[in-house]
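Open the model in a viewer and keep the selection panel at hand. The stops below go from an annotated region to a hairpin and then to a cavity.

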Amino acid sequence: MSYESLMVFTGTAHPKLARDVVKYLNINLGRANVGRFSDGEVMVEILENVRGNDVFVLQSTCAPTNDSLMEILVIVDALKRASASRVTAAIPYFGYARQDRRTRSARVPITAKVVANMLTSVGVDRVLTMDLHSDQIQGFFDIPVDNIYGTPTLLGDIWKHDYENLIVVSPDVGGVVRARHMAKRLECDLAIIDKRRPKPNESKVMNIIGDVAGRTCVIVDDMVDTANTLCEAASALKQEGASSVIAYSTHAVLSGKAVERVQNSDLDKLIVTDTIPLREDARKCDRIEQLSVASLLGESMLRVSNESSLSSLFIE
């Protein structure tokens, strides 16, 4: 694909991110009407010629999750029917990723697989996403999936602040691989928080593995939803003598009373990226900062379009 054939369209979930990405690419955002019929059905009309072009639909499946997902499906269908050569669903935050398996004998869906089937069924040719909650979700697709990482953006901010006596902390056992990678890049120690989760979106810190006394603790996670985990982790770390606790997370879901919890917690700072737009109360919270991944997404999309290497962006 030539660079001239690259086009980017978006829905209503996060138009600012799309504008920032096309600014990096030095192209115009694809013109389309994305709205609703009077009964709430998604309505889409593509206002440009896309025949033979390499088209990206850039949209996170963030709240309202179902509407955001439906917009992607309808936009993709419109583009395929307008004879776009290739359509890539660029989904910085892939919703439903936490429902990726059945737990023992529980009668629950594997909704991440359902979403993968839906995207494939409307004609998506490939998927570009960032920091999937579970890497194995890539296997739910029979089309190419590029899972890029927000690490370069987060690492850049950590290096800029040059924290003293730094230690990276994994908020749970499941995040050890991510935290270990970050600690390796920062050439610092690693601590792990062992927790028990009695039911979804609730966690209880049980034990800290590692010496955090007098250290600047950087908690690394892929997403922050209700912020229960982060706030409890920050309290446990402070009780163990941590001098400060800063959290870095790619996806700022921040549902329910998450912002209020962060504001009233022992967290000194929560730093997130703009894969999801911040709510009004989050923008006003002095403990929450947002970094842009527009250039990282733009460069990844350009490389996908030009059939060049993506992995070289993340080589250590």
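The tour below gives a selection at each stop and says what is there.

This is a predicted model, in which local features need pLDDT of at least 70 and side-chain atom pairs count only at pLDDT 80 or more, while totals for chains, interfaces and linings use all residues. Residues are numbered from 1 along each chain as its sequence is written, and side-chain values use heavy atoms, with hydrogens and water left out.

Select residues 6-123. UniProt lists them, in an unreviewed entry, as "domain: Ribose-phosphate pyrophosphokinase N-terminal"; such annotations may be inferred rather than shown by experiment. The chain here is 33% helix and 22% strand (DSSP runs, H or I of at least four residues for helices and E of at least two for strands, numbered from the N terminus). The end C-alpha atoms of this stretch lie 18 Å apart.

Next, select residues 32-36 and 42-46. These are strands β2 and β3, paired antiparallel over five bridges (pairing requires at least two DSSP bridges). G35 is opposite M43 of β3. Five residues separate the strands of this hairpin, and G40 has a positive phi near 100 degrees.

Finally, select Y93, F94, A97, M130, D131, L132, H133, D222, M223 and H251, which line the largest cavity (on a 1 Å grid over the protein atoms alone, a set of points where a 1.4 Å probe fits but cannot get out; lining residues have an atom within 4 Å of a point). The volume of this cavity is about 30 Å³, counted as the space filled by probe spheres set on the points, which are joined across faces, edges and corners. Domain 1 (6-148) and domain 2 (151-292) each supply at least three lining residues; the domain bounds come from an automatic or database assignment.

How values were computed
On a 1 Å grid over the protein atoms alone, a cavity is a set of points where a 1.4 Å probe fits but cannot get out, and a pocket is an open set with protein on both sides within 12 Å along at least five of seven lines; lining residues have an atom within 4 Å of a point.
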